[in-house]
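Please consult the sequence and the structure while reading.

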Amino acid sequence: MNLSNQQTTEDVAAGIRKRVFLHTMRNNGGYLSQACSAAESLAFLYNEALTLGEPTLPKVPLPFAGVPSATNPDAFTGAGYHGPFAPEFDRLIISPAHYALVIYSALIQVGRMDEHALDHFNVDGCSVEMIGAEHSPGMEVTTGSLAQGLSMAAGIAWARKRKGEPGKVWVYMSDGEFQEGQTWECLAAMAYHGIDNIRVIVDVNRQQCDGAMPSVLDLGDLAARVASFGVTCRSIDGHDLNAMRAAADSAEPDKPLIILANTSPYQGMEFLKKRFPRLHYVRFKSADERREMQTAIAAELGVDEAEIARA
Amino acid sequence: MVDIVNRPYAKAFETFASARPQILCLSADLTSSCEVDGFRDRHPDQFLSLGMAEQNMLSFAGGLAMQGFRPFLHTFSVFLYRRPYDQLINSIAYSNRKVRLMGFLPGITTPGGITHQAIEDISVMRAIPNMTILECGDATEVETVLEVADSIDGPVYVRVLRGEVPRLFSTPFEFNKLRTLSEGDDVLVVTAGVCTEEALRAAQPLKARGLGIHHLHVSTLKPFDRDGLIRAARGKKGVVTLENHTINGGLGSLVAEILAEEGLGVKLRRLGLQDTFAHGASKPYLMKKYGLDASALVSAIGQLLGKDLDICDAELEAVRIDTVHSAQKAEAL
């Protein structure tokens, strides 16, 4: 498997945070907080949990090849960075498409994408879009309208189970998606149909676009609500890799596995706490603010500030 | 007298799907209402019950299609596009998935009122890239639409007729080809779905008055047999469209677009729901009330030609081709 055993999962997580931080500073803003909450989960998936083949797409991302249609044979999906589709390989469906920068950084960190792939980020005509779609690296479906990824993954999982394929279907999603009714429709359907080859990791960072979740629409006891649908639900510290390993290993027959990874939206970048609860997309109001954040977070992550200038 | 076929879809779907293991029958709590209860009971391995949860059903179907299954979704037309429109776009249409949306009780063929009457479905579906739209006009088309739908590389929406359905046509559903039901030099009449049977009721009285009616039946709404329409419309004194749908965005609109783009300069009357919702009542009552019937067609033709055709409702009644229908109650839910 590709480079996975050359780094510890902790190193991969640190690398994800660093790459997203560098990109955010170099581009005057970005989805920085999502790297804080997601780094361990994505590092765990790409470095340990997923059984994937070698990438089938070139390391340097391709330009956008047109929308899918019956007359466009060139359209492709970003699943190629997860390797070929084969019965024995896992699939990873990314549901919160605005985590794209974090996903791309993870793909680079584990060597599935080129070191400079983020040069293509949010550049007109590129596939490395700001809100990922199915042509974006790591994406297989189009999930920018939240809460559809889980249902599509459930369909894939049902089909793979029917065909007797050993590979699992993993889903990475966000807690905000539990405000959408479709998520609960899907939990009910997965439980009813006994879809047990699906593994879902939820980033429970309790943050959303408007701010902290309790100030928008609180989900209450999410673990109890999820469990009450008859699925296996594990609620863990989303930055504790041992807890994640144990949870990922705890699937039960005939039940989907939902892991609620309770995370901090400023894990590893405590300076961001000053901005709470405005964390959805980090931008700077002044040069001073930018400088202060750069110095503080660079120190936290052990980044040489000179590296930021080397864009 | 036309032949009336009872539940043509039930038999056709079972024959079609049971021979093709990659076909899955999905249902959202309207299984017997969509005539697939027998299929469910006899072929449980190909049946997936997803409950009253259409948003999940559409996205789930997208996932099934990604793995090579060809899901046929069964529910009422309204429930395939109103509540789950976002899922239709992002989980199915954008990715050009081979998902087949089998929509029952199109337009005012249900007494269920606003909540059950898909009166703007064609308009909505026409606006979606990658989408193919088919509409059945008789039992033969219900029986033969499945293979056509299954041959399309991309999502397909089908307006299906259920229950007692007249057999008007002796040849199978042909993709993207207008059916010519009569030829004439004066007026072009273009109809689809249940309105075709209705228009046929006016054929004899109009002929008796020496009018040359060119009647086309449309079963593929998107794409559209543009050349066939242009050939038939050229040189006519007028064109009338009649559809079980609002006049905005459906058959009437697409015919208007083509006539304008070709610069044919021929007058057009669009019959259908005149930018209004309907309400719950029987199909014949609603067709009369909202001007979707033979009488409305005759009036429109008279207006186009600027003459009183002197065809009364009694004359149209006399030639009604649905005497077997008359024993039929308003379709239950």
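## A buried loop residue in chain A

Arg206(A) counts as buried because it has 20 C-beta neighbours inside 10 Å; a residue is called buried if 20 or more other C-beta atoms lie within 10 Å of its own, exposed if 12 or fewer, and partly exposed in between, with C-beta atoms placed from the backbone. Arg206(A) is situated in the loop between strand S3 (198-204) and strand S4 (207-208) of chain A. Helices (H or I, at least four residues) and strands (E, at least two) are DSSP runs, numbered from the N terminus. Although Arg206(A) is not a glycine, its phi is positive, at about 55 degrees.

The model is predicted: local features need pLDDT of at least 70, side-chain atom pairs count only at pLDDT 80 or more, and totals for chains, interfaces and linings use all residues. Residues are numbered from 1 along each chain as its sequence is written, while chains are lettered from A and ligands numbered from 1 in the order in which they are written.

## An exposed loop residue in chain A

Asp254(A) is likewise not a glycine and has a positive phi, of about 65 degrees. Asp254(A) lies in the loop between helix H7 (241-248) and S7 of chain A. Is Asp254(A) buried or exposed? Asp254(A) counts as exposed, because it has 12 C-beta neighbours inside 10 Å.

In chain A, the peptide bond from Phe276(A) to Pro277(A) is cis, and its omega is near 5 degrees. Pro277(A) belongs to the loop between strand S7 (257-262) and helix H8 (287-301) of chain A.

In chain B, the bond from Lys222(B) to Pro223(B) is a cis peptide bond with omega near 0 degrees. Pro223(B) is placed in the loop between strand S12 (220-222) and helix H10 (226-233) of chain B.

## The domains of chain B

Chain B is divided into domain 1 (3-167) and domain 2 (179-324), with bounds that come from an automatic or database domain assignment. Their centres, taken over C-alpha atoms, are separated by 27 Å. Domain 1 of chain B gives 26 residues to the contact and domain 2 of chain B gives 29 residues; two residues are in contact if their C-beta atoms, placed from the backbone, lie within 7 Å.

On the side of domain 1 of chain B that touches domain 2 of chain B, the elements that give two or more residues are helix H6 (121-126) and strand S6 (132-135) of chain B. The largest share of that side, four residues, comes from S6(B).
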